[in-house]
Amino acid sequence: MLDSYRHKGMRKKLVDSIRRKGIQDAGVLKALDTIPRHLFLDSSFLEFAYDDKPFPIGSGQTISQPYTVAFQSELLQVKQGQKVLEIGTGSGYQACVLAEMGAKVYSVERQKKLYLKTKEFLKKLPYNVKLFYGDGGKGVPSFAPYDRILITAAAPDIPKALLDQLRTGGFLVVPVGGGDVQTMLRIKKLGNDEFETEEFGAFRFVPMLQNKAND
Ligand code: SAH
């Protein structure tokens with residue numbers, strides 16, 4: 001399946017609507033305008049790919065709503081060449097948005113089927129994203145420290161291992177909360193055990209899997 005003028009037009013409309021909802025970061029908007037989101041969904045869902053909605057991607061998981069992807073990406077303030085660790089690869093869409101913004105992306109997925117499917121799919125795209133299979137709560141210590149860490153599943157609390165793998169001066173963006181609704185937090189690491197937390201409103205994410213995966 002290819003990109004086409006029709007898809008590009010649909011994408012422009014989506015980006016306009018996301019801009020109207022308050023996203024201003026030019027790098028984020030450009031990434032959403034560039035990446036063909038329809039390729040990340042099964043072809044039968046093509047008509048929905050550019051609605052500002054989450055969508056099922058198999059294994060009981062969803063590709064996040066484009067506005068949420070844009071919101072989290074804006075909060076991260078990613079700069080060219082920075083190392084970003086994503087927890088919850090899912091479809092790989094958010095990882096590609098970060099790569100398009102110039103980040104070196106490392107992404108962890110807990111569900112093997114999804115990990116394998118996305119690993120295969122991303123070979124077709126021009127983004128160099130390193131994928132890992134495992135519990136994102138443990139991070140990926142071998143490539144630490146990271147300038148930015150993004151959690152794209154609802155975390156009941158903030159995994160200590162991730163705070164340890166964050167560079168001083170770096171940010172971690174995470175939707176925190178065990179119930180239906182989470183609070184978006186941005187945590188800045190000021191020093192070894194010193195953090196500053198900002199809150200950015202309510203969002204809904206699928207839960208972060210703690211121990212057992214469904215595969
Ligand atoms: N970022 C994704 C959407 C995330 S949905 C995208 O752009 O499509 C949340 C994802 O987190 C799901 O794929 C889920 O399987 C994964 N996940 C849940 N718990 C996890 C954990 N402990 N470690 C890594 N990934 C996890």
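A polar contact is a pair of N or O atoms within 3.5 Å; within protein, one must be able to donate a hydrogen and the other to accept it, and residues adjacent in sequence count only if both atoms are side-chain atoms. Hold on to that for aspartate 147. Its side chain reaches the backbone nitrogen of lysine 83 at 2.8 Å. The side chain of aspartate 147 also makes a polar contact with the side chain of arginine 167, again listed at 2.8 Å.

Two notes on the model. This is a predicted model, where local features need pLDDT of at least 70 and side-chain atom pairs count only at pLDDT 80 or more, while totals for chains, interfaces and linings use all residues. Residues are numbered from 1 along each chain as its sequence is written, and side-chain values use heavy atoms, with hydrogens and water left out.

Back to aspartate 147. Where does aspartate 147 lie? In strand S6. Helices (H or I, at least four residues) and strands (E, at least two) are DSSP runs, numbered from the N terminus. Aspartate 147 counts as buried because its relative accessibility is 13%. Buried means under 20% relative accessible area, exposed over 50%, and partly exposed in between, using a 1.4 Å probe and protein chains only.

Now the ligand. It sits in the largest pocket. A pocket is found on a 1 Å grid over the protein atoms alone: an open set of points with protein on both sides within 12 Å along at least five of seven lines. A molecule sits in one if more than half of its atoms lie within 2 Å of its grid points.

How many residues surround the ligand? The count is 26, and the closest are Gly88, Ser91, Glu109, Gly136 and Leu209. Near means that a heavy atom of the residue lies within 4 Å. By type, the shell has ten nonpolar, twelve polar and four charged residues. Here Ala, Val, Leu, Ile, Met, Phe, Trp, Tyr, Cys and Pro count as nonpolar, Asp, Glu, Lys and Arg as charged, and the others, Gly among them, as polar.

The protein covers 100% of the 580 Å² of accessible area that the ligand has on its own. Those areas come from the Shrake-Rupley method with a 1.4 Å probe.

Which elements give two or more residues to the shell? They are strand S2 (61–63), strand S3 (83–87), helix H4 (93–100) and strand S4 (104–109). S2 gives the most, with three residues.

Next, the backbone. Most residues other than glycine have a negative phi, and most peptide bonds are trans. Glutamine 77 has a positive phi of about 50°, although it is not a glycine. Glutamine 77 is in the loop between helix H3 (66–76) and S3. With a relative accessible area of 36%, glutamine 77 is partly exposed. H3 itself is mostly covered, with ten of its eleven residues buried. Among them are Tyr67, Val69, Phe71 and Leu75.

What kind of peptide bond joins alanine 144 and proline 145? A cis one, with omega about 5°. Proline 145 is in the loop between strand S5 (129–133) and strand S6 (146–151).

How values were computed: 1 Å grid on protein atoms, 1.4 Å probe; cavity = no way out; pocket = protein on both sides within 12 Å on 5 of 7 lines; lining within 4 Å.
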